[in-house]
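Morning, everyone. Let me put the structure up and walk you through a few spots.

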Amino acid sequence: MSFSESRLDRRAALKWMIAAGATLAAAGGPMRASGQAAPPATKGYGTDPLLNKEYAPGDVWPLTMTDAQRRTAAALCALIIPAEGGVPSAADLKVHDFIDEWISAPYPDQLRDRETVLEGLVWLNRESRARFGEDFAALTEVQQSAIADDICDAVTAKPDHREGARFFAKFRDLTAAGFFTTPEGMKDVGYVGNTPLIEFKGPPPEVLAKLGLA
């Protein structure tokens with residue numbers, strides 16, 4: 001697969017982070033990590049962000065992923081939520097940039113996820129090279145799926161796949177949270193949000209029937 005080298009603008013990434021934070025509150029625990037780059041030293045936005053300032057990627061805290069890590073992350077995003085019909089893939093919507101922003105933020109949950117994601121990307125490429133002689137992003141979809149099938153369930157994964165499975169669970173949560181908080185993702189699941197109505201006739205009969213109130 002290929003992905004655009006352009007990055008998601010920071011305002012969109014931060015909007016994603018705020019929206020996705022609530023959906024990730026119940027995500028699984030961290031994966032042990034070692035030897036990764038030091039976490040960002042910045043304290044984050046604090047209590048008084050400049051809401052009218054246009055921030056470029058990396059202005060407030062440095063982004064984490066290298067170009068190679070972004071390619072791996074984009075390939076996995078596209079595999080987890082591929083394009084279907086008129087709906088773009090998670091990679092098309094730059095969910096991998098949202099994940100980069102997420103793991104680069106200097107807050108406790110994000111710092112914990114940073115270890116999981118970075119260690120997992122290393123594991124994924126190591127496994128890809130061992131099986132097929134190429135990094136994950138260079139594999140065919142069939143080859144990528146063969147690896148994903150082995151790590152998509154942390155409970156049933158073989159012992160030598162459990163590290164990858166713990167990473168996959170976290171990465172899948174982040175991908176889904178990023179994707180389904182975009183306008184395209186919300187539309188895909190039929191969420192319309194707060195939509196003004198000319199007239200409100202009460203709950204639909206089928207809803208009342210389901211609740212035993214019809």
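This is a predicted model: local features need pLDDT of at least 70, side-chain atom pairs count only at pLDDT 80 or more; totals for chains, interfaces and linings use all residues.

Start with helix α3, residues 95-104. How many of its residues are buried? Ten of the ten, so the helix is largely enclosed by the rest of the structure. Among those buried residues are V95, F98, I99 and W102.

Now over to helix α6, which spans residues 162-179. Look at T175, which sits in this helix. Is T175 buried or exposed? Buried, because its relative accessibility is 0%, and the cut-off for buried is under 20%. What does T175 touch, apart from its neighbours within four places in sequence? Its contacts are C77, I80, I81, A90, V95 and I99.

On to the aromatics. The count is four pairs. I'll show two. In one, F167 with F171, the ring centres are 5.5 Å apart and the planes are at 55 degrees, so this pair is tilted. F167 and F171 are four residues apart in α6, which means about one helical turn separates them. F167 is buried at 0% relative accessible area. F171 is buried too, with 0% relative accessibility.

Next pair: F179 and F180. Their ring centres lie 4.9 Å apart with the planes at 90 degrees, so this one is edge-to-face. F179 is buried, at 1% relative accessible area. F180 is partly exposed, at 34% relative accessibility.

That's my tour. Questions, please.

Technical notes:
Residues are numbered from 1 along each chain as its sequence is written. Side-chain values use heavy atoms; hydrogens and water are left out. Helices (H or I, at least four residues) and strands (E, at least two) are DSSP runs, numbered from the N terminus. Buried means under 20% relative accessible area, exposed over 50%, partly exposed in between (1.4 Å probe, protein chains only). Contact means heavy atoms within 4.5 Å. Rings of Phe, Tyr and Trp (its six-membered ring) pair if their centres lie within 6.5 Å; planes under 30 degrees apart count as stacked, over 60 as edge-to-face and the rest as tilted.
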